[in-house]
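Subject: Structure handover

Hello,

Here is the structure I promised to pass on. Please open it alongside this email.

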Amino acid sequence: MTTVEAVQKHGLAAGEAERPRSSDWTIPQAWEQYTAVEHATWKILYERQAKLLAGRACDEFIAGMEGLPISAEAIPDFRGLNDVLMKRTGWRIVAVPGLVPDDVFFEHLSNRRFPSGNFIRKPEHLDYLEEPDVFHDVFGHVPMLMNPAIADFIQAYGIGGLRAQKLGELSRLARVYWYTVEFGLVEQRNGLRLYGAGIASSFTESLFCLDSASPNRIRLRLERVMRTQYRIDDLQETYFVIRNLDELLEFAQIDFAPLYELARGLKDLNPGDVLSTDEVLGHGDGRYHIARRQGEAA
Ligand code: HBI
Ligand code: FE
């Protein structure tokens, strides 16, 4: 989602009151200023998700979590996370007030800096996110940044994002990020596992993406994903599945320009579309989104 879309959709962005003075939008995490209520919110979210992710998140996600100084007890201090992360993959986390403009986001990623919201959601909105907060960004994204393949892929996305902006192809590239880094599934020896941060940080979606009969699960092909619109305000209708995380590493080497060209000649797809050319691992019955649409029509 672009910042403009987010602001149009949700009204004033959460960080609006304290727009940063620095051009890269970074602010201090100000770890000392988190309140007891904020640490308690983290604890509720952490304990709920940690339990759920055993047997659902991929091995690399679990290994990443175990390697980090991250626990239920408190919102992590970025300084401690960065000591470990820097040594492992050369990434570090920088604090931002919420969504940042696309070019600022890409500039950070292309330099192996991951922007993380420094605030945490309100306890009365545990499952509602207006903008990425510290739980989504740190719990969802940082374990995977411990993995070399994802680490390189996200940096390549940053570099590719700056290029895609110039080509006017940002929406197509953003779909690749959405259906991998945010909502990706991967095949592992014990079955399908989640690795996307949008799923890993969501109670409802970490169940839905693997256990529900509703969504489609389709083998990921780059040119297919680039054509596929996504929803930012609800569970996904389709998840795209990779064979292993090294597949993402291959994408980091590919020149996307010819793929954009190809996709431009074809029409965009709706989130729930299934094509005859798809390798379908599971054709969803769509019951969840059908019910939603009936509810809206009533
Ligand atoms: N800013 N903090 C933050 N986090 C995001 O995930 C993010 C962003 N700005 C732009 C953006 N994502 C997307 O619009 C791009 O990936 C296209
Ligand atoms: Fe995210």
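Below is what was found in it, from the whole chain down to single residues.

**Overall**

Please keep in mind that this is a predicted model. The secondary structure comes to 14 helices and seven strands. The C-alpha atoms fill a box of roughly 55 × 45 × 40 Å along the principal axes. The radius of gyration is 18 Å, which agrees with the value near 19 Å that a compact globule of 298 residues would have. Of the 298 residues, 52% count as buried. The chain exposes about 13,500 Å². Carbon and sulfur atoms supply 52% of that area.

**The iron site**

Which residues hold the iron ion (ligand 2) as protein donors? They are His 136 and His 141, each through NE2, and Glu 182 through OE. These donors lie 2.0 to 2.1 Å from the iron ion. Along the chain they follow the spacing H-x4-H-x40-E. His 141 sits in helix H6 (residues 134-145) and Glu 182 in helix H8 (residues 170-182), so this pair ties together parts that are 41 residues apart in sequence. Both His 141 and Glu 182 are buried.

Helix H6 deserves a look of its own. 12 of its 12 residues are buried, so H6 is largely enclosed by the rest of the structure. The buried residues of H6 include His 136 and His 141, along with Phe 135, Phe 139 and Met 144.

Helix H8 also holds Arg 172. Is Arg 172 buried or exposed? Its relative accessibility is 12%, so Arg 172 counts as buried. Setting aside residues up to four places away in sequence, Arg 172 touches Met 226, Tyr 260, Ala 263, Arg 264 and Asp 268.

**Strands S1 and S2**

Strand S1 covers residues 92-96. It is mostly covered, with four of its five residues buried. S1 runs parallel to strand S2 (residues 113-117), and five bridges join the two. S1, H5 and S2 make a right-handed β-α-β unit.

Strand S6 spans residues 238-242, and five of its five residues are buried. Thr 238, Phe 240 and Ile 242 point one way from the strand. Tyr 239 and Val 241 point the other way. Both sets are buried.

Which strands pair with S6? Strand S3 (residues 185-188) runs parallel to S6 and is joined to it by two bridges. There, Leu 185 has Val 241 as its bridge partner. Strand S5 (residues 216-219) also runs parallel to S6, through four bridges. In that pairing, the bridge partner of Asn 216 is Thr 238.

Start with Leu 245. It lies in the loop between S6 and helix H12 (246-253). Its relative accessible area is 4%, so Leu 245 is buried. Beyond its neighbours within four places in sequence, Leu 245 is in contact with Glu 60, Met 144, Asn 147, Ala 149, Val 186 and Tyr 195. Met 144 is one of the buried residues of H6. Leu 245 and Pro 148 are 97 residues apart in sequence, and their C-alpha atoms are 9.4 Å apart in space.

Then go to Tyr 46, in helix H2 (residues 36-53). Tyr 46 is buried, with a relative accessible area of 12%. Not counting residues up to four places away in sequence, it touches Met 65, Ile 70, Ser 71, Ala 72, Phe 135 and Phe 139. Phe 135 and Phe 139 are among the buried residues of H6. Tyr 46 and His 108 are 62 residues apart in sequence and 26 Å apart in space, C-alpha to C-alpha.

**Where to begin**

Then turn to S6 and its parallel partners, S3 and S5.

Best wishes

Technical notes
Residues numbered from 1 in each chain as written. Chains lettered and ligands numbered in written order. Predicted model: local features only at pLDDT ≥ 70, side-chain atom pairs only at ≥ 80, totals over all residues. Heavy atoms only, no water. Buried < 20%, exposed > 50% of the residue type's maximum accessible area, 1.4 Å probe, protein only. Pairing = 2+ DSSP bridges. Right-handed = clockwise from strand over helix to strand, strands pointing away. Donors = N, O, S within 2.8 Å, 3.2 Å for Na, K, Ca; no water. Rg over C-alpha atoms; globule rule 2.2 N^0.38 Å. Areas by Shrake-Rupley, 256 points an atom, 1.4 Å probe, with all protein chains shown as cover. Contact = heavy atoms within 4.5 Å.
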